[in-house]
Amino acid sequence: MGAWAVGSLTAVRLAVLVSGSGTILRAMFEAGLPVTTVLSDRPCAALALARDHGAADELVDRAAYGGFGAAFDREGYTASVAATLVAHQVDLVAMAGFGTVMTQAVHSAFPGRILNTHPALLPAFPGWHGVRDALAAGVAETGCTVHLATLEMDEGPVLAQQVVPVEAGDTEESLHERIKVAERALYPATIAWALGELEAGRMIEAPATVRATSEEMTP
């Protein structure tokens, strides 16, 4: 995967799905990505960050769809998220710590155009506890993965990976912090490349070689 010059992105629109403080979102803004819409599933600091950078901020609150319990209307919620993104005419969707698993409606609205980042070297250690599981397995290295999101969690085609060594004495928190540093370089660079593919009229497809250093990926 070659580097893409962020400054050449002119016509494409990026939506970012968030749930928290927005550290990855901030890295995207700092990289110059064309973030036009930021959507959250709960009130969070990332929405204020979006406003500060001139992006549309959309709260599609889970509380209106049954909250976080068994009554949550996942289908109805996903339909509302998809409709909101379509209304903003975005070209690519990037999940950045988004805490809600969505159903087919959003994938039908944006087929092959939803990206996600995961704190492990997929296909190893999928799921919500990738960092904890890597430590428990005693591996010498882990890292982060940028992949195309599919209906099945953490199973989409891998676009890029960055290795992060596991150090002696690492805790889940210390290891995760180093993975986040790698993520904040790898994810914006991979998104820039994907936007370039769309702008050139090409589908986003996994390259033949997916593992790269963040330095190689940085535009």
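Predicted model: local features only at pLDDT ≥ 70, side-chain atom pairs only at ≥ 80, totals over all residues.
Biologist: Thanks! Are helices α1 and α2 roughly parallel or roughly antiparallel to each other?

Modeller: Helices (H or I, at least four residues) and strands (E, at least two) are DSSP runs, numbered from the N terminus. Axes are lines fitted to C-alpha atoms, for helices over the stretch in contact, and angles run from 0 to 180 degrees between N-to-C directions. The axes of α1 (residues 23-30) and α2 (residues 45-52) come within 9 Å and cross at roughly 15°. Angles under 35 degrees count as roughly parallel, over 145 as roughly antiparallel, 65 to 115 as roughly perpendicular and the rest as oblique, and α1 and α2 are therefore roughly parallel.

Biologist: Which residues of α1 and α2 meet, and how many of each class are there?

Modeller: From α1 come Leu25, Arg26 and Phe29, and from α2 come Ala46, Leu49 and Ala50; contact means heavy atoms within 4.5 Å. For the classes, Ala, Val, Leu, Ile, Met, Phe, Trp, Tyr, Cys and Pro count as nonpolar, Asp, Glu, Lys and Arg as charged, and the others, Gly among them, as polar.

Biologist: Is Arg26 buried or partly exposed?

Modeller: Arg26 lies in helix α1. Buried means under 20% relative accessible area, exposed over 50%, and partly exposed in between (1.4 Å probe, protein chains only). With a relative accessible area of 40%, Arg26 is partly exposed.

Biologist: And what do the buried residues of α1 pack against?

Modeller: The buried residues in α1 are Ile24, Leu25, Ala27, Met28 and Phe29. They pack against β1 (14-18), β2 (35-40), α2, β4 (92-96), β5 (114-118) and α6.

Biologist: Let's go to α5 and α6. Are they oblique or roughly parallel to each other?

Modeller: Helix α5 (residues 130-137) and helix α6 (residues 172-199) have axes that come within 9 Å and cross at roughly 120°. The two helices are therefore oblique to each other.

Biologist: Which residues make that contact?

Modeller: From α5 the contact takes Val131, Arg132 and Leu135. By class, the contact of α5 with α6 has four nonpolar, one polar and two charged residues. On the α6 side the residues are Glu172, Leu175, His176 and Ile179.

Biologist: Now the aromatics. How do Tyr65 and Tyr77 pair?

Modeller: A pair of aromatic rings is described by the distance of the centres and the angle of the planes. Rings of Phe, Tyr and Trp (its six-membered ring) pair if their centres lie within 6.5 Å; planes under 30 degrees apart count as stacked, over 60 as edge-to-face and the rest as tilted. Tyr65 and Tyr77 are 5.3 Å apart centre to centre, with 85° between the planes, and the pair is edge-to-face.

Biologist: How many residues apart in sequence are the parts that this pair ties together?

Modeller: Tyr65 lies in the loop between β3 (56-59) and α3 (74-87), whereas Tyr77 is in helix α3. Tyr65 is partly exposed at 22% relative accessibility, while Tyr77 is buried at 0%. The pair ties together parts that are 12 residues apart.

Biologist: Which residues do the ring pairs link into a cluster?

Modeller: The structure holds two aromatic pairs. Phe72 and Tyr77 have ring centres 5.6 Å apart and planes at 55°, so this pair is tilted. Ring pairs link into a cluster Tyr65, Phe72 and Tyr77.

Biologist: Is His147 buried or exposed, and what is it in contact with?

Modeller: His147 sits in strand β6 (residues 141-148) and counts as buried at 2% relative accessibility. Leaving aside neighbours within four places in sequence, His147 is in contact with Ile114, Leu115, Asn116, Leu122, Asp154, Gly156, Pro157, Val158 and Leu159.

Biologist: Last one: how far apart in space are Ala56 and Thr37?

Modeller: Ala56 lies in strand β3 and is partly exposed, with a relative accessible area of 26%. Ala56 and Thr37 are 19 residues apart in sequence, and their C-alpha to C-alpha distance in space is 4.6 Å.

Conventions:
Residues numbered from 1 in each chain as written. Heavy atoms only, no water.
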